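The entries follow the order in which I looked things up.

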Amino acid sequence: FCDQVLFYEGSTRTAGLLRISLALLMWTRFGSSVAPFSNSSPERLLLSASFFMSTTLMLFGLSSQFSTAWAGATALVMVFGFGPAGVEPWTHHHTTILALSVALCALTPCGHSFSVDRWLALRAGKALPERAPLWGMRLVGFHVSLVYFWTAWDKTFWGFLNGDRMEMAVHRLYLGSDYPTLPLFGELMALAAILTVIIEYALPFALWVRRWQWITFPVGFILHGLIFIILPVGTFTATMYALYLAYIDADDFHDWIDRMTGVVPETARR
């Protein structure tokens with residue numbers, strides 16, 4: 001356990017890419033609602049300045065861990081402070097997942113790769129190795145597993161498993177009040193509900209097993225792709241896609257990037 005979690009080390013490229021992805025997702029999800037034109041009250045202008053300064057530094061990787069922690073703290077204030085005080089959309093569980101993910105990313109060596117920090121260090125002749133402890137990435141993965149498990153847990157009741165909740169969503173978004181004439185519609189909704197719960201109970205454990213990832217990753221990506229197409233989930237699907245970086249073997253990912261860019265893998269293992 002200690003070797004695989006507490007003392008786990010590897011390439012920092014997954015952490016660097018996660019930092020960039022989450023910064024872009026923060027802009028996409030919150031940018032227009034936190035911009036000065038949306039609200040010019042003093043507290044909101046201060047929030048806007050904090051948001052855009054921290055996420056910009058985070059995106060480019062300047063003082064990476066500090067700026068990511070700053071962005072994460074700003075997002076948490078938005079979700080747990082401004083949200084309950086009247087900005088209801090910021091209290092959604094999808095925004096909470098994003099805010100917590102940014103905060104956890106600050107615990108990773110996210111500035112060692114794909115960052116201005118690394119560029120400046122190399123220009124100055126200083127060492128900033130693309131290999132570091134990655135226990136923070138394990139926390140990100142644990143966060144994703146909890147999202148899946150408790151989502152499945154919340155759906156484990158007869159009103160969902162029998163397809164009623166699925167039918168309600170279909171009627172609300174597509175059909176209106178008329179019951180469809182499609183044969184076995186109710187049975188199909190029940191089957192979709194049961195499969196969803198089974199997948200969401202399996203993924204939080206199966207995603208950790210490397211020899212199963214050839215099937216668990218496609219299953220997770222297809223699930224979230226369908227959710228994005230069928231339901232209005234905003235940035236949730238893209239957030240979950242980015243968070244899958246926490247489950248990838250960091251050194252294999254490092255070497256894959258080298259091969260894709262035509263570089264002989266120097267390998268972060270050294």
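I began with contacts (heavy atoms within 4.5 Å): of those in the protein chain between residues at least 6 apart in sequence, 69% join residues at least 24 apart. I noted that this is a predicted model, in which local features need pLDDT of at least 70, side-chain atom pairs count only at pLDDT 80 or more, and totals for chains, interfaces and linings use all residues. Residues are numbered from 1 along each chain as its sequence is written, and side-chain values use heavy atoms, with hydrogens and water left out.

I listed 13 helices and 2 strands in the protein chain, taken as DSSP runs numbered from the N terminus (helices H or I, at least four residues; strands E, at least two). Buried residues (under 20% relative accessible area, 1.4 Å probe, protein chains only) make up 47% of the 270 residues.

I checked Leu-18 next: beyond four places in sequence, its contacts include Cys-105, Met-137 and Val-140. Met-137 and Val-140 are among the buried residues of H7.

Last, I examined His-94 in helix H5 (residues 93-105). His-94 is buried, at a relative accessible area of 13%, and, neighbours within four places in sequence aside, contacts Val-233 and Phe-236.

Methods:
Buried means under 20% relative accessible area, exposed over 50%, partly exposed in between (1.4 Å probe, protein chains only).
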